[in-house]
Amino acid sequence: MKRLLWLMLLSVGISCSPKPSNDENTLAQISDPEVMKFAVTGKQLYENYCGNCHQNDGKGLGKLIPPLRDADYFKASVHRTVWIMRHGQKDEIVVNGQTYNQAMPGNPQLKPLEIAQIATYLYNIWGMKEGVISSPEVEKYLKEAPEGF
């Protein structure tokens, strides 16, 4: 009986102990306090507005929704990323050699500050260190479509 009780306690202890996180989306990668101010809110906004499709880990949905994490298309242009967040994407794109043709709706309700927070978060995780992407930068990017749009 004592053995059974010990086994039960041990199994409960193991099952309730914190699991190591494999989520590399952590804010712990960010050491700059200015970047962190934007990124904390940016993470929450990303998960609310973008995570359903692109997934919270940024890996996308197979051949339907492109990844952001380690994606050449995403890394190539902050301007284009900001534009797409606000205005959406309709045309076929190629990301890491894979063609995607699923339209992405824009988020016209997002304010420049919110887009700046999301962009700052995304461009400072997954090994990137772009720094703060400010609201004035976002406003500038939104005034003129990036090349190819």
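A: Angles under 35 degrees count as roughly parallel, over 145 as roughly antiparallel, 65 to 115 as roughly perpendicular and the rest as oblique. This is a predicted model, in which local features need pLDDT of at least 70, side-chain atom pairs count only at pLDDT 80 or more, and totals for chains, interfaces and linings use all residues. Residues are numbered from 1 along each chain as its sequence is written, and side-chain values use heavy atoms, with hydrogens and water left out.

Q: How are α5 and α7 oriented to each other?

A: Two packed helices are described by the angle between their axes and the distance between the axes. Here the axes of helix α5 (residues 78–87) and helix α7 (residues 135–143) cross at roughly 75° and come within 9 Å. The two helices, α5 and α7, are therefore roughly perpendicular to each other.

Q: Which residues make the contact?

A: Contact means heavy atoms within 4.5 Å. Val78, His79, Val82, Trp83, Arg86 and His87 of α5 meet Val138, Tyr141 and Leu142 of α7.

Q: What is to be noted about phi at Gln55 and where is Gln55 placed?

A: Most residues other than glycine have a negative phi. Gln55, although not a glycine, has a positive phi of about 70°. Gln55 is in the loop between α3 (51–54) and α4 (72–75). Its relative accessible area is 26%, so Gln55 is partly exposed (buried is under 20%, exposed over 50%, partly exposed in between, with a 1.4 Å probe and protein chains only).

Q: What is the phi of Asn96?

A: Asn96 is not a glycine, yet has a positive phi of about 50°. Asn96 lies in the loop between β1 (93–95) and β2 (98–100), and counts as partly exposed at 44% relative accessibility.

Technical notes
Axes are lines fitted to C-alpha atoms, for helices over the stretch in contact, and angles run from 0 to 180 degrees between N-to-C directions. Helices (H or I, at least four residues) and strands (E, at least two) are DSSP runs, numbered from the N terminus.
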